[in-house]
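Please read them with the sequence and the structure side by side.

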Amino acid sequence: MNVLIVEDEKGLALEVDEFLSHEGFTVEHARTKKSAEEKIFVNNYDFILLDLGLPDGDGFDLLKMLKGLEKRDDAVIILTARGAVDDRVMGLEQGADDYLAKPFSLSELLARMHAITRRKHRLESNDINIKGLRVNIQNRTVMYNDERINLTKKEFEIFNYLVLNKNRVISRTNLTEHVWGDVLEINSDSNFVDVHVKNLRKKLSQYIPIDWFETVRSIGYRINI
Amino acid sequence: MKLQVKLALYNTLTKVAIILFTGLLILLSIEKISYNHIEVRLEEKKEATLRSLSSREINSFLAAQKVYTDYNILKEEFITITPVKYEANTPGKVTFSTETRKVERNMETYRILSNRFNFNEHTYLLEIGETIESVEELKSIIKKFTLLVLFIALVLTLISDLVFTKFLLAPFYKIIDRKLIKVNDPMNFDYEKIQTTTQDFELLDDSISSLMKKISNLFILEKQFIANVSHELLTPISIISSRLENILLHEELSEGSENKMHASLKTLNRLKSIINSLLLISKVENNQFDKGDMVMIAGVIKEIHEELEDRIDEKHLTFTNHLKYIYSIQGNRPLMHTLLFNIINNSIKYNTTKGSITISDDLNDDIYAITIADTGIGMEQKQIDNAFNRFEKFDTDEKESYGLGLAIVKSITAFHNINIKINSVKNKGTAVKLIFDNQV
């Protein structure tokens, strides 16, 4: 899958590039609105990571231009430090698939990209299979054989996030932010995640052994497959 | 005492003093002048009497060494010549006195001229009196008149002074009221000039306005500064955090370094949270949020309860929702959510295990109020006073407290014109009351 990063901040673009390349994506980089326009015009991308504040214009214009092109299905994730609620609403209204406020964590970005992929290619592989557990993002369910495991909304979110970022240590902070999402609610404390994980583990272990669901001491959790 | 009253009283007192003084002066001078006139007349009469001593009528009295008395019908005047012990050298001195004499059953006050003189080898005392009844009468009339004038002047000046100073000071009170008392936010200051012809008040008005302009400029500058700094910090944080995440991807990392990376990420996250909170406060204070939502309070509370249920269970708290009214306010839903979330989250955070949280509301005179009460560790008065300050935090086990939660609460309540009151007893609990009394 190929990704276009439209970002004027070179340092950040390089880090995202490195991370996504490591995850198997093909990454291109545009630093100005003009060069991004050229690239979008010539190539199809699976993902366009779009910064709104570009040196020669507004990222929204690129979004409009893209939506004006025919037969294009590039997923757009807006990345911005503006963080205004209006920007988020406007971005999504104009056809962006998701919105991430800077600073974001790369694992969060990856989880969002996976979620978009699964949403778009609904017919192909909807479920993620983990040791006999089937995670369905659309229905937000986890099934064992044909039995539905009764998870709360937050427990599902945590499990899903860990699954999407499998084999990587996910810190409590990162998880908290993913589950609680909204930047406005900064008061949530990370230890709170432990309660959910404890309950989640208890529920999962009723079906299968969960030695692959590791606690990384003083940091967070990892699903090891 | 109000300036207006003080000025009126001062004016009245000075006027009373002036009238009293002039009244007294007139009284004294009238007495003096009329006595003077009488005395001049008495002198003339004395001369006339002495000249007519040889007249037969008087002479017969004198020869018999008898007292000669004469007065007119209305007893306004009298003359007596009394023989006294012989003195060879009479001083011839004329003295005046005011005395009450009985003339034929009538008591009258007279101005009396006394003079001793020698006549035919005898000494006589001559007394000529003239009634001063008319003078006394005049004096009493003047006294009454003065008192009357005094009283009328007193009332009139008091009223006129009060009215005039009120008129004069009206712009002053207007300035105080509109430019000082009613101002609770320099951003919404009313720069319109108060109409006045008094230069001093114009100066006062201008000074307050220019001072307020300076304050609001500083205010704007501070807000811009916070917004700019926060915004410009977010990108570098983003780069560092991505870089650390990428380093963590390398498997050759030792466990120690990995832990340090994660610790650094956590610190970065803390930095990000603080910046985002400051940004949020600054945006709320800059009115960058829309107030177009109808927010149903009970609905938001229910939502927050669901979100926080796990935490409530974890601490074995009893959560009681006593909301009786379906009340909606015009405002910003995400902000109202944050507001109530922060308050309820605090009531969980600072609660004791197996404590309780009670949410209740009431509606008095169309004013809705909601109270969130807990049985937590409570606060002392000093802590309550500082609770809304930025970066103010209390002893807590929570690692993720930045001391900005209540600062956010304060800015959101101010944004929505909500009155917030904290009642707290140390080790007993805290009750936060939100009063929706200024809804437009």
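1. In this predicted model, helix 7 (residues 333–349) of chain B and helix 9 (residues 405–415) of chain B approach until their axes come within 9 Å, and the two axes cross at roughly 140°. That angle makes helix 7 of chain B oblique to helix 9 of chain B, because an angle has to be over 145 degrees to count as roughly antiparallel. The crossing of helix 7 of chain B and helix 9 of chain B is left-handed.

2. The residues that make this contact can be listed on both sides. Helix 7 of chain B brings Leu335(B), Thr338(B), Leu339(B), Asn342(B), Ile343(B) and Asn346(B), and these meet Gly405(B), Ile408(B), Val409(B), Ile412(B), Thr413(B) and Phe415(B) in helix 9 of chain B. Sorted by class, the contact of helix 7 of chain B with helix 9 of chain B has seven nonpolar and five polar residues, and no charged ones.

3. As for chain B as a whole, nine helices and twelve strands are assigned to it, and 25% of its 440 residues count as buried. Among the contacts in chain B with a separation of 6 or more, 69% are made by residues 24 or more positions apart.

4. Helix 7 of chain B also belongs to the side of chain B that touches chain A, where helix 4 (199–249), helix 5 (255–285) and helix 6 (297–314) of chain B likewise give two or more residues each. The contact between the chains takes 36 residues from chain B and 32 residues from chain A, and the element that gives the most on the chain B side is helix 4 of chain B, with 13 residues. By class, the chain B side divides into ten nonpolar, 16 polar and ten charged residues.

5. Two residues of chain B deserve a look for their backbone angles. Lys354(B), which is not a glycine, has a positive phi of about 65°; this residue lies in the loop between helix 7 and strand 9 (356–364) of chain B, and it is exposed, with 10 other C-beta atoms within 10 Å. At Asp365(B), also a residue other than glycine, phi is positive and near 50°. Asp365(B) is found in the loop between strand 9 and strand 10 (367–374) of chain B, and it counts as exposed, with 5 C-beta neighbours inside 10 Å.

6. In chain A, five strands form an open sheet with parallel pairing, in the order 2-1-3-6-7. Its edges are strand 2 (26–30) and strand 7 (98–101) of chain A, each of which pairs on one side only, and neighbouring strands of the sheet are turned by 20° against each other on average, direction ignored. Strand 6 (residues 75–80) of chain A is joined to strand 7 of chain A by four bridges, and Leu79(A) stands opposite Leu100(A) in strand 7 of chain A.

7. Helix 1 (residues 10–22) of chain A lies across strand 1 (2–6), strand 2 and strand 3 (47–51) of chain A, and runs at about 165° to strand 2 of chain A. Helix 3 (residues 59–68) of chain A lies across strand 1, strand 3 and strand 6 of chain A, and runs at about 150° to strand 3 of chain A.

8. Finally, please check the peptide bond that joins Lys102(A) and Pro103(A), which is cis in the model, with omega about -5°. Pro103(A) lies in the loop between strand 7 and helix 5 (106–120) of chain A.

Notes. Residues are numbered from 1 along each chain as its sequence is written. Chains are lettered from A and ligands numbered from 1 in the order in which they are written. This is a predicted model: local features need pLDDT of at least 70, side-chain atom pairs count only at pLDDT 80 or more; totals for chains, interfaces and linings use all residues. A residue is buried if 20 or more other C-beta atoms lie within 10 Å of its own, exposed if 12 or fewer, and partly exposed in between; C-beta atoms are placed from the backbone. Two residues are in contact if their C-beta atoms, placed from the backbone, lie within 7 Å. Axes are lines fitted to C-alpha atoms, for helices over the stretch in contact, and angles run from 0 to 180 degrees between N-to-C directions. Angles under 35 degrees count as roughly parallel, over 145 as roughly antiparallel, 65 to 115 as roughly perpendicular and the rest as oblique. A crossing is left-handed if the near helix is turned anticlockwise from the far one by less than a right angle, and right-handed if clockwise. Ala, Val, Leu, Ile, Met, Phe, Trp, Tyr, Cys and Pro count as nonpolar, Asp, Glu, Lys and Arg as charged, and the others, Gly among them, as polar. Two strands pair if DSSP finds at least two bridges between them.
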